[in-house]
Amino acid sequence: MKTLGMLGQVALPGEVSSVPVARRHVRELLDSVGHTDTDDALLLVTELVANAVRHSHSGRPGGRVTVSVATHDGTIHIDVTDDGSTDHRPRLRSEVDADSGGGRGLWLVQEIASAWGWHEVPAGRVVWFRLAPAGSAGSHRPRPTGGWDR
């Protein structure tokens, strides 16, 4: 696949109910260019949108989360932009409790994405990730072993 550039974006209310809407939007965009390896992208979008709602001002009344999707030569690049927070920043977790209901969001991003990061923007914060095509030099799919959370 030799697609270059922005596929689309969607702005959603900062509510947990936006998580499946974000997943559906990403699936439709990736399907539109024939991208067949969408499971990892959907999992990571789920984690990042849920984190944005839970840990940023996006979860306040009137808050928003924007998901932007681009591709280049098979590499997927997704940005999740939230309303930011002075109290919470993406951070490493020293441990992951397998029995807890949370705490694995950024850990999964770290383990699955070929690259990821975050930065502040005037509108809030962007957490992004890239997924290189399976089998390419930039792809890796190690087994989860540690803990991260936002």
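Predicted model: local features only at pLDDT ≥ 70, side-chain atom pairs only at ≥ 80, totals over all residues.
Student: How do α2 and α3 pack, at what angle and how far apart are their axes?

Tutor: Helix α2, residues 39-55, packs with helix α3, residues 105-112, at an angle of about 150 degrees, and their axes are 9 Å apart. Because angles over 145 degrees count as roughly antiparallel, α2 is roughly antiparallel to α3.

Student: And is the crossing left-handed or right-handed?

Tutor: The crossing of α2 and α3 is left-handed.

Student: Which residues make the contact?

Tutor: From α2 the contact uses Asp-40, Leu-43, Leu-44, Glu-47, Leu-48 and Asn-51, while α3 contributes Gly-105, Leu-106, Leu-108, Val-109 and Ile-112. Sorted by class, the contact of α2 with α3 has seven nonpolar residues, together with two polar and two charged ones.

Student: Back to α2 itself, how many of its residues are buried?

Tutor: Of the 17 residues of α2, 14 are buried, so the helix is mostly covered.

Student: What span should α2 have at 1.5 Å a residue?

Tutor: Its 17 residues should span 24 Å, and the end C-alpha atoms of α2 are 24 Å apart, which agrees with that expectation.

Student: New topic: what is the phi of Asp-73, and where does Asp-73 lie?

Tutor: Asp-73 has a positive phi of about 50 degrees although it is not a glycine, and Asp-73 lies in the loop between β2 (64-72) and β3 (75-82). For background, most residues other than glycine have a negative phi.

How values were computed:
Residues numbered from 1 in each chain as written. Heavy atoms only, no water. Axes fitted to C-alpha atoms, helices over the stretch in contact; angles between N-to-C directions. Helix = DSSP H or I, 4+ residues; strand = E, 2+ residues; numbered from the N terminus. Parallel < 35°, antiparallel > 145°, perpendicular 65-115°, else oblique. Left-handed = near helix turned anticlockwise from the far one by under 90°. Contact = heavy atoms within 4.5 Å. Nonpolar A, V, L, I, M, F, W, Y, C, P; charged D, E, K, R; others polar. Expected span 1.5 Å × (residues − 1). Buried < 20%, exposed > 50% of the residue type's maximum accessible area, 1.4 Å probe, protein only.
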